[in-house]
Amino acid sequence: MRKFASIAFTGLTLLLTACSGGNTEGLKPGEYQILGLAQKAPDGDVVTIYDEFDNPIMKTQIKGEAFEFRGFVDTIILRRIGTPTIETACMLFLEPGITRVDLSSGSATGTPFNNEVEILTDSLTAIVNAKGDYEAYIRRAWLASYHKHKNDALGAYLFPYVANAITLDDLQEELQTAPANLRESSMIKQILRRKRLKAEADSIAQAEIDLMKQK
């Protein structure tokens with residue numbers, strides 16, 4: 001991931017606005033180009049793009065530590081890209097424009113959705129490294145980004161992280177207006193169940209504490 005030191009929310013908002021335009025020079029409408037770097041990977045090594053079920057959908061070979069994909073998309077979709085030589089797998093959005101991928105760092109930049117995720121994750125990493133309150137940052141910055149992208153692929157990507165960081169009451173409130181695919185997501189249901197069980201356990205523990213105080 002790129003190094004990004006600023007963690008101020010207002011600064012983040014301004015930077016996201018600045019990154020809102022994708023580089024489409026020389027491309028046709030709806031066309032994407034992935035320019036990849038795979039440091040220390042041998043020539044002929046295969047790079048694969050996988051769908052949401054981990055099925056391979058596209059492959060290409062590395063030459064001179066570089067690789068390339070081109071194609072067209074009607075809808076922006078989340079995909080995973082990787083090669084057996086490099087342990088780091090990279091999540092990226094297939095969206096019109098030129099996306100630059102570095103498999104060694106797991107970064108994908110150059111197009112609006114990919115830029116936004118990169119900025120959010122780099123900012124979060126800076127907070128974690130500084131031993132700051134990363135859950136508060138997710139509740140604030142990531143939740144704001146999710147609200148902006150509630151009905152698209154980026155919102156679906158962000159929501160599980162947000163769901164883990166917010167309270168049970170807030171999660172239940174968010175689910176009331178969340179798209180159907182998020183409400184029915186098995187991952188979100190697991191998070192919701194875990195939060196409910198924790199709330200019940202906390203309630204029982206507090207009741208026991210209150211009872212002991214009365215004795």
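**Helix packing and sheet arrangement in the predicted model**

The axes of α2 and helix α3 (residues 134-148) come within 10 Å and cross at roughly 170°. Angles over 145 degrees count as roughly antiparallel, and α2 and α3 are therefore roughly antiparallel to each other. The coordinates are those of a predicted model. On the α2 side, the contact is made by E116, L120, T121, S123, L124, I127 and V128. Helix α3 contributes Y134, Y137, I138, A141, W142, S145 and K148. By residue class, the contact of α2 with α3 comprises 9 nonpolar, 3 polar and 2 charged residues. An α-helix has 3.6 residues a turn, so residues three or four places apart point the same way. Contact residues of α3 such as Y134, Y137, I138, A141, W142, S145 and K148 can be read along the helix with this in mind.

The sheet was examined next. Its 4 strands are ordered β4-β1-β7-β8, and the sheet is open with mixed pairing. The edge positions are held by β4 (66-72) and β8 (107-109); each has a single partner strand, so one side of each is left without a neighbour in the sheet. On average, neighbouring strands are turned by 15° against each other, direction ignored. The pairing of strand β7 (residues 97-102) with β8 is antiparallel and runs over 3 bridges. Within this pair, R100 stands opposite T109 in β8. Helix α2 (residues 112-129) packs on the sheet, where it touches β7 and β8. The direction of α2 makes about 135° with that of β8.

Residue I166 lies in the loop between α4 (153-165) and α5 (168-177). Its relative accessible area is 5%; the cut-off for a buried residue is under 20%, so I166 is buried. Leaving aside neighbours within four places in sequence, I166 is in contact with R139, L171, E174 and K195. The C-alpha atoms of I166 and E135 are separated by 7.9 Å, with the two residues 31 apart along the chain.

One of the contact partners of I166, K195, is among the buried residues of α7, together with I188, I191 and L192. The buried residues of α7 pack against α4, α5 and α6 (180-183). Helix α7 (residues 186-214) has 29 residues, which at 1.5 Å a residue should span 42 Å. The end C-alpha atoms of α7 are 42 Å apart, in agreement with that expectation.

How values were computed. Residues numbered from 1 in each chain as written. Predicted model: local features only at pLDDT ≥ 70, side-chain atom pairs only at ≥ 80, totals over all residues. Heavy atoms only, no water. Pairing = 2+ DSSP bridges. Helix = DSSP H or I, 4+ residues; strand = E, 2+ residues; numbered from the N terminus. Axes fitted to C-alpha atoms, helices over the stretch in contact; angles between N-to-C directions. Contact = heavy atoms within 4.5 Å. Buried < 20%, exposed > 50% of the residue type's maximum accessible area, 1.4 Å probe, protein only. Parallel < 35°, antiparallel > 145°, perpendicular 65-115°, else oblique. Nonpolar A, V, L, I, M, F, W, Y, C, P; charged D, E, K, R; others polar. Expected span 1.5 Å × (residues − 1).
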